[in-house]
Amino acid sequence: MRRKILLGITGSIAAYKTLELIRLLRQDGHDVQVVATKSALHFFPVLTAEVFSGHPVYSDLFDPACSVRHIELARDADVLLIAPVSADFLSKMALGLADDLLSTLCLTVTCPVLVAPAMEENMYVHPAIQKHRKTLAARGIYEIPPETGPLASGKEGLGRFASLETIRHSLKTKLMQNERWSGVRVLVSAGPTYEPIDPVRFIGNRSSGKMGYALAAASAARGAQVTLISGPTSLPLPPGVEVLRIETAEDLGISMDRLFPEHDICFMAAAVSDYRLDRPHSSKKKKDGNTWTLSLVENPDILSGLSRQKSPGQFLVGFAAESDMNPEKLLEKLRKKGADMLLANDISRPDIGFSSDENEITLFHPDGTSLPLGKHSKIVLSNKILDEIEKVWRCPAASSNGNKDQPNGNAPLSD
Ligand code: PMT
């Protein structure tokens, strides 16, 4: 499998090891184009990298050869691997800064992005870096975690550049995963619905959209074509995802019904209001000293409606927001709604579920089997969910490529 690898090198002492990585990737049959930051140039011999890669090493955005080519570099890349990524460059990526060729490419590429950090332990565990790691993970960027071992300072600790074998394996796994998911169309609903009471007030719920956005980001990072139907949230949009905004359950139902037939996998992560006002007020209701009674009617169940129109080959995933995680009742919910998989989360716990960065999910299959996926960040859980879907639903790309027997590509993301 020959792929075009854009290899970013940043200012870390581990950059000298990248020379050997170029050689190994070429040995695997890949085309390797090196782009280095200015600081990286202090740590490795450019001429050797050029001989090993068979291409000039690009660095300066304002070098006429690079400024003309940078769009082309981004467009042609099958994967962007930044190894090593320094604390400085990782922070730059999280903030979206673009003041050199490599950082500009980070904002331009649409291919998967992997980063392999290398830095002192104190830097890696610093809250600023941990926050930036989470930001990158939420965008679907894969981290090849650093190892514990001798560091440049002479100390032992976490932050050592992953072994070249690990990087090579992670890259291969990621490329295979992308083969399987490329062309798969994924539809995700996320966030709350707002049911109007009058032009000012509404009935809503505590969904932040984080779970659905994480599923959308993880699917897009695997190369799927993702449509996200989002209720009102303040979250940044995951890159590479088409978004449609809705407010009410009725709007969501209309959009889901329209788009579902064009998709292969559908996640109903939205917290849909079960009720709406019978007749919303057309103007703001003024205080009049009396009790105000609202008359509510039930909203149709969108998930059940989708299961009735499901075609063979489509895969429908429902969520269950429960305060009682009774397996019998959850299985009954799965069967009643006609989904192919149910992801149950306990919304009575403050540390998971609504609005939190983490969740804990138990996955139920219609045959009655279940799998606890554990407590993780929502992006890590999303990757675990996608790995499970790969086992039970055959991606069309996988069957057409004859890849179906290949091992699952567990994303090397950590919490
Ligand atoms: O958004 P976050 O803050 O990250 O929080 C995530 C979450 C807790 C909202 C999410 O993980 C979750 O559980 N989403 C489903 C919420 C919900 O509506 O659950 P439910 O048990 O009431 O409904 C079961 C399923 O039916 C859900 O897939 C739901 O989308 C769907 N449904 C519900 C009502 C309705 N009228 N139509 C539906 O399709």
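Reader: What does buried mean here?
Author: Relative accessible area decides, computed with a 1.4 Å probe on protein chains only. Over 50% is exposed and in between is partly exposed, while buried is under 20%. The model is predicted, so local features need pLDDT of at least 70 and side-chain atom pairs pLDDT 80 or more, whereas totals for chains, interfaces and linings use all residues. Residues are numbered from 1 along each chain as its sequence is written, and side-chain values use heavy atoms, without hydrogens and water.

Reader: Which residues of helix H12 are buried?
Author: Helices are DSSP runs of H or I with at least four residues, and strands are runs of E with at least two, numbered from the N terminus. H12 covers residues 327–337. Its buried residues are Leu330, Leu331 and Leu334.

Reader: Why do the buried residues of H12 line one face?
Author: An α-helix has 3.6 residues a turn, so residues three or four places apart point the same way. The arc is taken from the directions from the helix axis to the C-beta atoms. Down the axis of H12, the buried residues line one face because they fall within an arc of 100 degrees.

Reader: Which exposed residues does the face of H12 turned away from the buried side carry?
Author: That face is turned away from the buried side of H12. The exposed residues there are Glu328, Glu332 and Lys336.

Reader: How many bridges join S17 to S18?
Author: Two strands pair if DSSP finds at least two bridges between them. S17 and S18 run antiparallel, and Asn345 has Ile361 in S18 as its bridge partner. The number of bridges joining S17 to S18 is 4.
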